[in-house]
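Please look through the sequence and the structure shown below. The paragraphs that follow give a guided reading for someone who meets this chain for the first time.

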Amino acid sequence: MNNGVNGVALGVFIFFFLAVTVMGFLAARWRKAENEQSLDEWGLGGRSFGTWITWFLLGGDLYTAYTFVAVPAAIYAAGAAGFFAVPYTILVYPLIFTFLPRLWSVSHRHGYVTTSDFVRGRFGSKGLSLAVAVTGILATMPYIALQLVGIQAVLDVMGVGGSANSNWFVKDLPLLIAFGVLAAYTYSSGLRAPALIAFVKDALIYIVIAVAIIYIPTKLGGFDEIFSKAAGKYTAAGAGGLVPAEANQWTYATLALGSALALFMYPHSITATLSSKSRDVIRRNTTILPLYSLMLGLLALLGFMAIAAGVKVANGQLAIPQLFENMFPSWFAGVAFAAIGIGALVPAAIMSIAAANLFTRNIYKDFIKPDATPEQETKVSKLVSLLVKVGALVFVLTMDKTVAINFQLLGGIWILQTFPALVGGLFTRWFHRWALLAGWAVGMVYGTVAAYGVASPTNPGQKHFGGSNAEIPGIGQIGYIGLTSFVLNVLVTVVLTFVLKALKAPEGVDETKPQDYTADAGDPGVQVELPPATAGASH
């Protein structure tokens, strides 16, 4: 392990970091619109992106430091159980093919910017809309935190993260600088910045993984040797393995299914979707995005390679950056580090924009200033995008970072509770708005309390929010808390819907029509409406 600063790698990293920073600020002039002071322009890039840009934006949005750092780190520490991320990304595409085009159409028809806009319009409930907005903001923060952990891991391996004895400010100063740059160009350019930078990010990642999957095995004696050494390590440690143990198979399955259901509930996934110019762009992207799943599977193998290369790190998140430093020439290690760093910056930017849009449209405009102008909306979103990043830093500084994949899984527990209102609402209005709100509350409370009771498996001092798996009540198997919470949510929603319909409780006003869910941008009579925040809404 390098005991000093890797000057060559650091120089290459800084070069690419500065290049994408310049691109981030220049993006404000890319596809510049006449009315740039609107949330559609700043937060959705003018809803103008075609198939090519949307593919890179969604890829930059979904394949993050989670992909490059957290998943291989999980495999490095726990074996093939970490591969749950590969089947879940395969499961998700047929799922989103059924509902994302419908969401795009109705959002385009009514000018919806967020999922909460849709929920408010569909069910006539600002209370339910508020619940979805708060959940989206809360769930996004640990996901942004995961991106910051990825950047910090790279900086630590390059020797610029400070020593273990440094105070927190000195140790985290490089991370704070990267955080500040991210905040600045996001504020300036909005969604256009990550959309433009995503081209560089994806190119770097594909180059690095192509080289890594060929070059590293040749130096380690081939994949037979890699798998053999990995199996030996797991056997000696008495944990993990090249296939999930029978006791862990329920956990594996629930993590895969729960994560698949949650992925496109995140605000940043929806923001990238709504930025496209037609529903056909969405359909085309769902058919070609599985290419990223191939990349994810190859990246996951890096966890086994780190074991075979003899990488020894106390913090598993350092395993892959350390593998790159050990195996690659310094200049290419710098390229790999840049791929990880930029691969964290792009989604962090999109996530902060998406969370800011939720606050502005569904908290600020609905409850604080209903008569806000488009310019005021945009200004508030810009400021909140900065505050969301500060909230993410709180997660980084207070939670256990040795199992960083838990940041994403924790967010999944919360965001999965919006599934019945969003996806259910796209196909039916049978669910009662109050039942959806009650089901959401039950799922959120159970999921949060259950996650709070999980201690970290690697850090004895972290007694809360140390994992996302717990025993499933009544079954006795360990499973993903998010999926258990979701099942409880649906049960409560269904039962209360029957009860409330029997009592003839008021169901609110639906401002959408059946044809809104199938129309494309070019269809006759389809145009963007911008309804007032209070239209068709009630508590």
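The backbone nitrogen of Ala133 lies 3.0 Å from a polar atom of the side chain of Ser116. The model is predicted, and local features need pLDDT of at least 70, side-chain atom pairs count only at pLDDT 80 or more, while totals for chains, interfaces and linings use all residues. Residues are numbered from 1 along each chain as its sequence is written, and side-chain values use heavy atoms, with hydrogens and water left out.

Ser116 belongs to helix α6, which covers residues 115-123; helices (H or I, at least four residues) and strands (E, at least two) are DSSP runs, numbered from the N terminus. Ser116 counts as buried because its relative accessibility is 0%, where buried means under 20% relative accessible area, exposed over 50%, and partly exposed in between (1.4 Å probe, protein chains only). Leaving aside residues up to four places away in sequence, Ser116 touches Ser129, Val132, Ala133, Leu358 and Asn362, a contact being heavy atoms within 4.5 Å.

Gly121 is found in helix α6 as well. With a relative accessibility of 1%, Gly121 counts as buried. Which residues does Gly121 touch, not counting residues up to four places away in sequence? They are Tyr112, Val509, Asp510, Glu511 and Thr512. Between Gly121 and Val509 there are 388 residues of separation along the chain, yet their C-alpha atoms are separated by 7.7 Å.

Helix α6 also takes part in covering another helix, α21: what covers the buried residues of α21 includes α6, α7 (126-158), α19 (405-415), α20 (419-427) and α22 (481-502). Helix α21 (residues 433-452) has 20 residues and reaches 28 Å from its first C-alpha to its last, close to the 28 Å expected at 1.5 Å a residue; the expected span is 1.5 Å times one less than the number of residues. Buried in α21 are Arg433, Ala435, Leu436, Gly439, Trp440, Gly443, Met444, Gly447, Ala450 and Ala451. These residues lie on the same side of α21 because they cover an arc of only 165° around the axis, the arc being that of the directions from the helix axis to the C-beta atoms. An α-helix has 3.6 residues a turn, so residues three or four places apart point the same way. On the other side of α21, Val445 and Val449 are exposed.

After α22 comes the segment that holds Lys504. Lys504 is exposed, with a relative accessible area of 72%. Although Lys504 is not a glycine, its phi is positive, at about 55°. Most residues other than glycine have a negative phi.

On a 1 Å grid over the protein atoms alone, a cavity is a set of points where a 1.4 Å probe fits but cannot get out, and a pocket is an open set with protein on both sides within 12 Å along at least five of seven lines; lining residues have an atom within 4 Å of a point. Grid points are joined across faces, edges and corners, and a volume is the space filled by probe spheres set on the points. By this rule there are 7 cavities of 30 Å³ or more, and the largest cavity has a volume of about 60 Å³. Its lining consists of Leu62, Tyr63, Tyr66, Thr67, Tyr88, Thr89, Tyr143, Leu263 and Leu296. The elements that give two or more residues to this lining are α4 (65-78) and α5 (85-110).

The largest pocket has a volume of about 880 Å³. It is lined by 35 residues, of which Ala78, Val403, Ile405, Pro457 and Asn469 lie nearest its centre. Two or more lining residues come from each of α4, α11 (249-263) and α19, and the largest share, 6 residues, comes from α4.

Leu289 sits in the loop between α13 (279-288) and α14 (290-300). With a relative accessible area of 0%, Leu289 is buried. Apart from residues up to four places away in sequence, Leu289 touches Trp55, Leu58, Gly59, Tyr63 and Tyr93.

For the chain as a whole, there are 22 helices and 2 strands. Of its 539 residues, 60% count as buried. Among contacts between residues at least 6 apart in sequence, 84% join residues at least 24 apart.

Methods: Polar contact = N/O pair within 3.5 Å; in protein donor to acceptor, adjacent residues only side chain to side chain.
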